[in-house]
Amino acid sequence: MHKQINRYTLILLALCVVSLIIFLGNACFNTKGEPREAIVALSMLKYGNWILPVNNGVDIAYKPPFFHWCIAVLSMLQGYVSEFTARLPSALALTAMTVAGFRFYARRATAGVAMIAAIITLTNFEMHRAGTNCRVDMVLTAAIVLALYALYRWTERGMHGLPWAAVLAMSVAFLTKGPVGVLLPCLVAFVYMWIRGAGFGRLLWKFALAATVSCVLPLCWYVAAWTQGGDNFLELVYEENVLRFVGKMSYSSHVNPWWYNVVTVVAGYVPYTLLVVMSLFVLKYKKVNGKPREWWEKFRTYIRNMDDVRLFSLLAIVIIFVFYCIPKSKRSVYLLPIYPFMAYFLSEYVIFLAKQHLRTLRAFGYVLCALAVIVLGVFIAVRTGMMPETIFSGKHAAENIAFMRAIETTPLGVIGCLSVAMPIIAGVTFIISKRYSLRSQIISLLCVPFAIFFSLDGWYTPTVLNVKTDLGVAQQLCKAVPTGDMYWFTRKEQSADPIRPFTVNFYLNDRVKTFDDFRPASGYLLTSDEDLPVFNERHPGYAITEVADYNHRSCDTKQWYKLYKFKKME
């Protein structure tokens with residue numbers, strides 16, 4: 001058994017490297033979210049402040065620094081922060097969580113169920129996207145899930161001593177995004193042990209002690225950061241951790257109704273939600289009899305008789321989901337910690353369908369194969385010039401045409417050809433697997449979504465998204481202003497969540513500062529035609545000369561950038 005688990009672990013590690021890591025640096029930053037995090041690590045290395053670094057001249061990070069520490073440390077090996085090193089912590093976090101989840105379930109269920117669950121974890125849309133992005137969410141998710149695994153092992157040992165592995169994971173989660181990283185693991189494990197009959201008083205002081213110890217390391221950073229940032233830092237902490245939860249932030253932040261979480265989980269678990277929907281039409285349903293009180297008693301009996309690891313996984317899903325339905329601020333990535341536990345149940349469901357409704361499982365595979373064929377057909381049509389530009393209309397027509405032309409003209413190379421062909425190869429393998437064992441059919445089915453993500457990451461996504469990036473503007477700005485700071489201005493009102501040219505600033509090594517905060521006598525100004533009249537109105541007495549029009553709509557601010565030279569008149 002141990003040899004099998006170790007062999008599967010090595011296979012899973014190889015899949016993680018291929019699926020997550022090898023293409024991390026292919027796409028340039030093309031949204032404000034990634035460079036906003038990367039610039040924090042860049043400023044750590046540039047200015048040497050690892051406690052409360054400042055970027056854009058005035059900004060401090062909204063989140064604790066563990067994620068940025070990881071980027072900075074990994075970037076030290078090459079001497080600078082790149083797209084690859086900025087995304088690497090997320091990829092490593094998903095790898096660690098996937099492997100740990102496999103080993104956790106392999107020892108408590110079967111290696112087959114655990115392996116399917118691990119691959120489902122890797123190949124659903126939301127988890128894969130978070131694992132290849134420079135955002136804090138994947139590191140937070142991995143820390144919370146690893147803490148849950150460690151707390152479960154602690155309960156198996158009778159909760160003797162302190163769960164030091166869980167304490168370390170919760171400390172990392174706290175240092176990644178705040179106290180929610182301690183609250184959620186303790187809450188899930190507490191409820192699980194309470195249902196299993198443990199005394200409330202003993203549970204309370206045990207988990208209170210574990211949670212308190214988990215706060216020691218984060219508290220050290222908070223004190224050091226408060227020493228540097230003062231009241232402004234405390235106000236930011238209060239807003240991000242308290243006002244965000246109660247929906248009273250100074251700016252609107254992802255305010256959505258409770259059912260938004262249902263929609264995001266359904267969408268986030270693509271393509272496997274399609275399998276679930278398809279299977280609903282072939283299942284046999286029993287007629288519901290009895291009164292609500294009888295239903296409740298049957299439900300309680302079912303919960304009491306449930307296997308420990310299944311109950312723990314179910315509680316993790318329900319408690320975390322309900323918790324994130326409470327605050328007004330909701331995002332799809334907040335629910336990532338429930339995805340590995342959902343994958344466990346989906347794994348069992350896949351095996352059930354394979355044994356009882358194999359045709360449904362194969363129909364799902366055929367749908368994925370058809371999708372792969374359609375994508376390849378569109379690709380061939382675009383590459384051969386058969387797709388006319390007139391198919392696009394509306395305000396995004398120019399951008400869509402640019403995407404299409406990038407697919408048409410970007411050289412493929414060996415890796416590109418392999419990426420484009422991979423879904424077809426996987427689809428053919430799945431189709432011919434019908435003549436082989438049930439195990440081989442399941443494996444070949446799971447290879448299809450894996451191949452689709454490989455194809456997207458290896459060629460399609462970077463080819464399309466690199467059209468949007470502000471890297472080209474940053475390179476031209478560097479030629480126009482080789483050294484020194486330059487300034488940026490927007491007509492939009494400043495707020496607690498101000499607009500910043502994060503991508504340009506990242507690629508210019510944090511040389512862009514906000515004009516309103518510094519108001520220099522002379523220099524270079526990055527702004528747009530719409531903003532320039534407002535600049536002249538707010539800051540009279542400056543002589544403005546246009547230097548360059550970059551004819552590019554920023555992926556961050558959505559403005560059309562122009563560079564001006566300014567000088568205050570005496």
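Between which two strands does the loop that holds N56 lie? N56 is located in the loop between β1 (54-55) and β2 (59-60), where strands (E, at least two residues) and helices (H or I, at least four residues) are DSSP runs numbered from the N terminus.

The model is predicted, so local features need pLDDT of at least 70 and side-chain atom pairs count only at pLDDT 80 or more, while totals for chains, interfaces and linings use all residues. Residues are numbered from 1 along each chain as its sequence is written, and side-chain values use heavy atoms, with hydrogens and water left out.

**Backbone geometry in loops**

N56 is a residue other than glycine with a positive phi, near 55°. D510, likewise not a glycine, has a positive phi of about 60° and is found in the loop between α22 (502-507) and β4 (512-514). A cis peptide bond, with omega about 10°, joins V270 and P271. P271 belongs to the loop between α12 (259-268) and α13 (272-279).

Buried denotes under 20% relative accessible area, exposed over 50%, and partly exposed the range in between (1.4 Å probe, protein chains only). The residues below are classed by this criterion.

| Residue | Relative accessibility | Class |
|---|---|---|
| N56 | 1% | buried |
| D510 | 2% | buried |
| N261 | 1% | buried |

N261 lies in helix α12. A polar atom of the N261 side chain is 3.1 Å from the backbone oxygen of Y324. A polar contact is a pair of N or O atoms within 3.5 Å; within protein, one must be able to donate a hydrogen and the other to accept it, and residues adjacent in sequence count only if both atoms are side-chain atoms. With residues up to four places away in sequence not counted, N261 touches F321, Y324, C325, K330 and L335, contact being heavy atoms within 4.5 Å.

Two strands pair if DSSP finds at least two bridges between them. Strand β7 (residues 560-568) pairs with strand β5 (residues 522-527) in the antiparallel sense over 6 bridges. Within this pairing, L526 has L563 in β7 as its bridge partner. Strand β6 (residues 542-553) also runs antiparallel to β7, and 8 bridges join them. Here the bridge partner of Y542 is K568 in β7. β6 and β7 form a hairpin with 6 residues between them, and K558 in the turn has a positive phi of about 65°. In a regular strand, side chains alternate between the two faces of the sheet.
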